[in-house]
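Dear colleague,

I am handing over the structure below, and I would ask you to keep it open while you read this email.

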Amino acid sequence: MKRLGYAGLSTVLCLSFALPGLAQQRTPAELACDAKYGKFYGDQKSVPLFDEFVNDPTCKESQYRSGAFSLLHKSMTEAKNWKGVMDLAVRFEKDIPNAPVQSKLYFLNQAMAAAAQAQDPIKVMDFGDKVLELDPTNINALLIVSTTIPLNMPTEPAAMEKALAKAMDYAKKLLASTKPASLTDDKVWQTVALGPAHGVVGFVLLQRAQYEEAEAEFDQTVKINPKDQVAWYRYGLAATKRTVAAQALIKPAYDKVNLNTTLGPERDAAVAERNAIEKDFEDKRDKAIDILISAVALPDPNITKAARVTLESLYNPLHNNTNEGLDDKIAARKAELSK
């Protein structure tokens with residue numbers, strides 16, 4: 001009986017503490033805010049009704065404030081109002097500064113995606129940087145920002161190097177990331193994340209004239225995704241740069257042989273060196289041609305046109321300054337890549 005009595009008393013005490021809260025009346029200001037939220041809830045596409053509720057200083061502490069942002073965001077996304085989605089993320093950050101990090105990340109991620117839909121690379125990078133400030137290992141932001149930077153490079157040298165450094169940093173972080181547990185298909189992970197990351201690293205190395213290292217990165221990209229036409233083209237550019245550098249060594253090698261007019265070990269060594277240099281050039285040229293054929297064979301007409309110019313500059317001198325047989329090679333590669 002004592003145990004039952006104790007339990008009953010504790011229940012009464014709990015109720016005595018709970019009742020004042022239950023009995024508390026909402027203030028007129030709170031009721032007015034509830035009414036404003038109710039109007040917006042009834043028409044969730046209405047920005048004026050949203051503003052009437054959210055901009056009211058007396059509604060600043062309303063429990064419905066974050067929810068109102070979510071509802072308007074949903075309406076704007078459904079309407080593909082990408083500018084509205086971006087502006088809403090900025091407002092959420094400003095109007096609800098103490099929101100949970102996950103809520104901030106949600107709106108910023110959505111704004112980054114909206115900027116991509118609106119083809120606004122500057123805002124893609126701005127929102128992506130904000131995501132990474134809150135979550136430095138965010139895979140989505142690392143991927144989107146790192147692959148956007150190469151498409152929008154500044155021309156001023158210091159700004160260009162800063163952009164390249166950021167792209168390299170983000171791409172390497174992406175390569176070091178662990179595949180999300182929710183993604184069970186390793187091939188998808190490689191195609192959507194690792195391949196593009198290798199491509200970004202390759203791009204940075206290409207811009208820094210580190211052509212051999214760039215080739216290695218692009219080679220990884222096209223092995224993962226053989227239909228990545230941009231990677232094939234940049235791979236071909238790196239290979240062409242190495243070909244040109246190798247070609248520049250041929251004349252000095254011939255000159256060295258010609259200076260050694262006396263038969264013997266010194267001339268033999270010069271001839272062997274010349275032959276090795278010449279073969280190295282031919283190997284690099286043939287590799288560049290093969291890579292560029294793949295770049296031309298894929299469907300983007302702008303890349304195809306640019307790649308073909310470089311391809312013919314290497315191919316035509318081998319065929320009496322014509323492109324005889326080249327179209328057949330391109331058609332054959334196109335068939336291979338379409339599988």
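What follows is an account of what was found in it.

Please note that this is a predicted model, in which local features need a pLDDT of at least 70 and side-chain atom pairs count only at pLDDT 80 or more, while totals for chains, interfaces and linings use all residues. Residues are numbered from 1 along each chain as its sequence is written, and side-chain values use heavy atoms, with hydrogens and water left out.

The chain has an average pLDDT (the predictor's confidence in each residue, from 0 to 100) of 92, and 93% of the residues score at least 70. Where pLDDT is low, the predicted coordinates should not be read in detail.

A search of the whole structure finds one disulfide (a pair of cysteine sulfur atoms within 2.5 Å). It joins Cys-33 to Cys-59, with an S to S distance of 2.0 Å, and the link is left-handed, with -100 degrees about the S-S bond. Because Cys-33 lies in helix 2 and Cys-59 in the loop between helix 3 and helix 4, the pair ties together parts that are 26 residues apart in sequence; helices here are DSSP runs of H or I with at least four residues, numbered from the N terminus. Cys-33 counts as buried at 4% relative accessibility, and Cys-59 counts as buried at 1%, where buried means under 20% relative accessible area, exposed over 50% and partly exposed in between, with a 1.4 Å probe and protein chains only.

Rings of Phe, Tyr and Trp (its six-membered ring) pair if their centres lie within 6.5 Å, and planes under 30 degrees apart count as stacked, over 60 as edge-to-face and the rest as tilted. The rings of Tyr-37 and Tyr-64 are stacked, because their centres are 4.6 Å apart and their planes are at 5 degrees. This pair links distant parts of the chain, with Tyr-37 in helix 2 (residues 28–42) and Tyr-64 in the loop between helix 3 (47–54) and helix 4 (65–78), 27 residues apart. Tyr-37 is buried, with a relative accessible area of 13%, whereas Tyr-64 is partly exposed, with 30%.

The rings of Phe-69 and Phe-92 have their centres 5.3 Å apart and their planes at 80 degrees, so this pair is edge-to-face. Phe-69 lies in helix 4 and Phe-92 in helix 5 (residues 82–95), 23 residues apart. Phe-69 is buried at 0% relative accessibility, and Phe-92 is buried at 1%. Both belong to a cluster in which ring pairs link Phe-40, Phe-50, Phe-69, Phe-92, Tyr-106 and Phe-107.

Phe-92 is also one of the buried residues of helix 5, which include Val-85, Leu-88 and Ala-89. These buried residues pack against helix 3, helix 4, helix 6 (101–117) and helix 7 (121–134).

Finally, there is a point about the backbone. Most residues other than glycine have a negative phi. Lys-80, in the loop between helix 4 and helix 5, has a positive phi near 55 degrees, and Lys-80 counts as exposed at 60% relative accessibility. Ala-209, in the loop between helix 10 (186–207) and helix 11 (211–224), has a positive phi near 65 degrees, and Ala-209 is partly exposed at 43%.

Methods. Helices (H or I, at least four residues) and strands (E, at least two) are DSSP runs, numbered from the N terminus. Contact means heavy atoms within 4.5 Å.
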